[in-house]
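Please read them with the structure open beside you.

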Amino acid sequence: MHEIGLMETALRAAEEAALEAGARRIQRLHLRVGRLSGIEPDALRLAFDALRPGTLAENAQLDLELVPIVCRCQSCNLGFSPEDFTFLCPRCGTPSADTLQGRELELAAVEVSEA
Amino acid sequence: MKPSCETSSVSKVLHLGKDLLASNRQHAAANRARFDQAGVLVVNLLSSPGSGKTALLERTLGDLSSRWPMAVITGDLQTDNDARRLAGRGAPVVSIATGTLCHLEASMIARACQELDLSRLRLLFIENVGNLVCPAGYDLGETLRVVLMSVTEGEDKPLKYPLAFKSADAVVVSKTDLAQAAGFRREEALANLTVIVPQAQIFELSVQSGQGMDDFYRWLESALVSRCGAAVRH
């Protein structure tokens, strides 16, 4: 529900980085969104479309990379990517509370150009 | 070669790796440092609207505020109704109206704390905005996170909103006095909680009848004791 605010942060950071690099246009934004971040990719795209007019990213492409969840089983130490949110270890069946990956929410990179 | 290829030949990729929640994380870390220094146990309460966060606090303040100095920060989109419900129970209450924002952020807690004398408090409750989705992603600098589900909401609530439940240190199953009327299947609910949030303490309680409240209070007390020990060690 707060995807607009997050996209504002991403666009602001992208514009700052582009200007600092002497660029005038942003061609592409690459965001990494963890499956455990609670963020909806569709809502993020909608926010991007609503916010990009008038920015350096007006004609930019938005690449959303969905980062899968990775857990570690506290019982048998197996690292695994769960199929749903129950996080049951596929080897020993123990429910896992330990996630190594999947909460990411980051502007990984921007592709910029001078004109 | 097409013109777009020429454009791409002069473009460059800037690797940023910028955490979009960095600002909240920084505020949360600053809050945590202040709470640590003051030795205050901070409990963040999350649930959907109507699960009984305010009712749990009404009862807890009434029962415990003479024992430990405590305060509450409440967040809602509109109105200070919850703050008014909690007033007059021996604990200062600060209300945050978030406007249209679906969750509390760490910077709002920092501002609200300016109205409180943290050094005089032992326990600070934060009643988050009623929403089981967004608040889960925002660290407020709390010591413990408690997620509530009432018996009227269905046994599969943890399966439907796993992110919020997964972040919990404790889960309160509230309104147990209504369990029979609601046809609440207790074993199924507990099994769902075990699988989604295996690390959490589970408290089944009713603020109406008082059933289960003592277990919850004992848990708070033991957290206060270990908090106090930590403060002494600092």
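Predicted model: local features only at pLDDT ≥ 70, side-chain atom pairs only at ≥ 80, totals over all residues.

1. Helices here are DSSP runs of H or I with at least four residues, numbered from the N terminus.

2. The largest pocket holds about 570 Å³ of space. Among its 23 lining residues, those closest to the centre are A:Arg103, B:Ala136, B:Gly137, B:Arg145 and B:Ser167. A pocket is an open set of points on a 1 Å grid over the protein atoms alone, where a 1.4 Å probe fits, with protein on both sides within 12 Å along at least five of seven lines, and lining residues have an atom within 4 Å of a point. The volume is the space filled by probe spheres set on the points, which are joined across faces, edges and corners.

3. By class, the lining of the largest pocket has nine nonpolar, six polar and eight charged residues. Ala, Val, Leu, Ile, Met, Phe, Trp, Tyr, Cys and Pro count as nonpolar, Asp, Glu, Lys and Arg as charged, and the others, Gly among them, as polar.

4. The second largest pocket holds about 330 Å³, and of its 18 lining residues the closest to the centre are A:Arg35, A:Gly38, A:Ile39, A:Glu40 and B:Leu163. α7(B) gives the most to this lining, with three residues, and the lining divides into 12 nonpolar, two polar and four charged residues.

5. Residues are numbered from 1 along each chain as its sequence is written, and chains are lettered from A in the order in which they are written. Local features need pLDDT of at least 70, side-chain atom pairs count only at pLDDT 80 or more, and totals for chains, interfaces and linings use all residues, while side-chain values use heavy atoms, with hydrogens and water left out.

Key:
Helix = DSSP H or I, 4+ residues; strand = E, 2+ residues; numbered from the N terminus.
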